[in-house]
Amino acid sequence: MMVPSRVAMANSVQTEFVVLRGPKTLARCAADWLLARVLAVAERPAVCLSGGATPLMLYQLLAEAPWRDRFPWSRVHWFWGDERFVPPDDPRSNYRMVRAALFDRVGVPAENIHPMPTDRALPQVAADYERVLMQFYGAERLLLDRPLFAATLLGLGTDGHTASLFPGSGALEEEERWVAAVPDARPEPRITLTLPALASSGEIAFLVSGAKKRDILSQIRRHDDLPATRIDSAGRVHWFVDRAAAGKESH
Ligand code: 6PG
């Protein structure tokens, strides 16, 4: 397997940029990273899951050897970084995507899975999910030296959005609440964690794949002001990207 090239991105947060040959090696790299993260955190490591198409292969891999046999399923708790405001069995649901790819294939205690509820009014969803997070965390204020999440997975939209923090959105400016409603998101309203909540992660991994992400990724590497470049972290930020997205011709 190709040794990933690691190029540190000089900025305030410890960031590394790893180029993988293709989507499969990217998913394997992310699976190894996620396993190491949850094993490094005792008690109840919390994972914040990304939606979208890119992480699907990762979620499917976690249900296969060797990851399925090594993952401490009984003590990992699963949360979402954002959700589309659709029923949980809707094809657009991020919860449905992860359940089908992973949770239906490995034994995860139901009480460890914390989807964003979409069976009530949008503002109520944000308030209720913030309460779920605070109850899990055991406090109403996030502490720098005690991250909420052991590991956070994020994707990158071609406009530089991540989770459902879109350029120019009010949710992107939220500095106090942990969860925000995004009523004007299209094609459907969304719910998203805010920058403070996402920053409360021991480590963050962006997964970026495909030639259509090439332009936005070069803007990221220039540190243009985009939602994804505003993501801070209590620890390290990894960018796991494939050659197609990084603009390196694949052999
Ligand atoms: C979502 C994601 C969103 C996604 C990016 C990239 O709910 O869709 O949270 O932020 O990560 O839009 O999506 P792709 O992986 O499908 O390119």
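Helix α8 is followed by H223, whose phi is positive, near 60°. Helices here are DSSP runs of H or I with at least four residues, strands are runs of E with at least two, and both are numbered from the N terminus. The model is predicted, so local features need pLDDT of at least 70, side-chain atom pairs count only at pLDDT 80 or more, and totals for chains, interfaces and linings use all residues. Residues are numbered from 1 along each chain as its sequence is written, and side-chain values use heavy atoms, with hydrogens and water left out.

Now look at α8 itself, residues 214-221. I216, L217 and I220 are buried there. Buried means under 20% relative accessible area, exposed means over 50%, and partly exposed lies in between (1.4 Å probe, protein chains only). Seen down the axis of α8, its buried residues fall within an arc of 100°, so they line one face of the helix. The arc is taken from the directions that run from the helix axis to the C-beta atoms.

The charged end of R221 sits over the ring of F17, 3.7 Å from its centre. To count, NZ of Lys or CZ of Arg must be within 6 Å of the ring centre and within 35 degrees of the ring normal. R146 lies over the face of Y137 in this way, at 3.9 Å from the ring centre.

Rings also meet rings. A pair of aromatic rings is described by the distance of the centres and the angle of the planes. Rings of Phe, Tyr and Trp (its six-membered ring) pair if their centres lie within 6.5 Å; planes under 30 degrees apart are stacked, over 60 edge-to-face, and the rest tilted. How many aromatic pairs does a search of the whole structure find? It finds 11. F206 and W239 form a stacked pair, with 3.9 Å centre to centre and 0° between the planes. F206 lies in strand β10 (residues 201-208) and W239 in strand β11 (residues 236-242), so the pair ties together parts that are 33 residues apart in sequence. Both F206 and W239 are buried. Elsewhere, F71, W73, W78, W80, Y95 and F103 form one aromatic cluster.

Next, the backbone. Most residues other than glycine have a negative phi, and most peptide bonds are trans. E43 has a positive phi, near 60°. E43 lies in the loop between α1 (23-40) and β3 (46-49). Is E43 buried or exposed? At 66% relative accessibility, E43 counts as exposed. A163 also has a positive phi, near 50°. Its place is the loop between β7 (149-154) and α6 (170-173). At 13% relative accessibility, A163 counts as buried.

Two cis peptide bonds can be found in loops. One joins A65 and P66, with omega about 0°. P66 is in the loop between α2 (56-62) and α3 (67-70). Another joins R186 and P187, with omega about 5°. P187 lies in the loop between β8 (179-182) and β9 (190-193).

Finally, find A100 in helix α4 (residues 94-103). At 44% relative accessibility, A100 counts as partly exposed. A100 and L56 are 44 residues apart in sequence, and 9.8 Å apart in space, C-alpha to C-alpha.
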